[in-house]
Amino acid sequence: MKFSSTRGNAPAVGFSQALLQGLAPDGGLYVPPEWPASAAGAVAGESLPAIGERVIGPFAAGDALESSLPAILGEAFNFPAPLQAVGDGARLLVLELFHGPTAAFKDFGARFLAASLARIERAQGKTLRVLVATSGDTGGAVAAAFHRRAGTEVVVLFPKGGVSPTQQQQLTCWGDNVTSLAVRGSFDDCQRLVKEAFMDPALRARVEMSSANSINLGRLLPQTVYYAASSLAVMRATGQRACYVIPSGNLGNSVACLWAREMGFPIQRIVLAHNANRTVPDFLTTGQLLPRPSIATLASAMDVGNPSNLERMLALYPDARTLAEQVSAVSVSDEAIRARIRADFARYGQVWCPHTATAAEVYANLPAAERDAHPWVLVATAHPAKFREIVEPLVGSVPVPENLRRLYDLPSQFTEIDPTLTALQHATDHC
Ligand SMILES: *Cc1c(COP(=O)(O)O)cnc(C)c1O
């Protein structure tokens, strides 16, 4: 399959090229031209790598990576995505996406991308530089996925002071082929710098670059797999289509869910839970797209004022009205996040991370008739221990899973830079 740019001004490219390039040369994002009916052959209860072959296979068909796909999926999906009941009934479920090396859903996409890029032939001796802007979790997942992979180096850009101490540790504990940069600016500045680096012809001539942000198709496609698997499981258990509430920022995870529904998986409603950064909820109600600077919130990995993947949603559903028929979006305040973490701990004994809490809050505020009409799945995007500074004052101590504990003991190293391309180049000259 060949992928085209959302902006329509770049040649269509195959699977490997789309992953390698990250951003299309016209500044657009790669999207599939059609939707294989992957759901047709998929069976509930198959393993994630097996469902992955059905779902991603058609996209890689004819590409050099096609024959490596089973190995790539085996490496990427080597931890589970369990679906657990919340409370007594089987009507409310949580999809736990935080059992990977850095305890957030981004491990799935990052590991798939790393396993793929490592297998793409490169000119002899040429290193691949992966640039990644992060509002907290992406950088850690990408660094972990590429750490010590031969022929690759990672440059992580994060907003100075914009991530939790625990997150910062996960962004800066790697060393070796990972360079961590604290940018004096916001996440949007970090994202802009990555885009500028990509558009810079001089830099492109010197190093082979790729992006590991959710602008990269290689992050999004693997994320469709857990929606496929979980929706099939819900259908088998209840005979009904699942509705999802997805904590959303840059909209990568929610685009993956929309794509899974396009492929025919049994998904009913998709509701996006945003924090106080309300660009998307406002767009869907007013029809006016007003990107704005991001606001710092408790759910910091979702502090995005200008979500990149909205462009992919609009490639599917071209205007606010059509899009609003396909998804809804709700904004949740910090106050409501805190109250929800307390309330659901008291009611269910569940501890949410602040991001997952936005989804739980949106669910709790749905009209009862809507909650009752279908099984609902809350997408748990991170383990609460990643955000212990926020969660522990509300519910008491949160046990740290083994994968995270290991990272806490490593020494931290990073360089601070101004939010300019020159500063970025200077800091990465040694790479
Ligand atoms: C990245 C992230 C999100 C937002 O995901 P998008 O794909 O950017 O919408 C939500 N929760 C957590 C914990 C994250 O790390």
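Biologist: Which residue stands opposite V183 in β7?
Modeller: P159 stands opposite V183 in β7. The model is predicted, so local features need pLDDT of at least 70 and side-chain atom pairs count only at pLDDT 80 or more, while totals for chains, interfaces and linings use all residues. Residues are numbered from 1 along each chain as its sequence is written, and side-chain values use heavy atoms, without hydrogens and water.

Biologist: What makes β6 and β7 a pair?
Modeller: Two strands pair if DSSP finds at least two bridges between them; strands are DSSP runs (E, at least two residues) and helices likewise (H or I, at least four), numbered from the N terminus. Six bridges join β6 (residues 152–159) to β7 (residues 178–183), and these strands run parallel.

Biologist: Why are β8 and β13 called edge strands?
Modeller: The open sheet has five strands in the order β8-β5-β6-β7-β13, with parallel pairing. β8 (208–211) and β13 (415–417) each pair on one side only.

Biologist: Why are α3 and α4 called oblique to each other?
Modeller: Helix α3 (residues 69–76) and helix α4 (residues 106–117) pack at about 140°, with axes 8 Å apart. Axes are lines fitted to C-alpha atoms, for helices over the stretch in contact, and angles run from 0 to 180 degrees between N-to-C directions. Under 35 degrees counts as roughly parallel, over 145 as roughly antiparallel, 65 to 115 as roughly perpendicular and the rest as oblique; α3 and α4 are therefore oblique.
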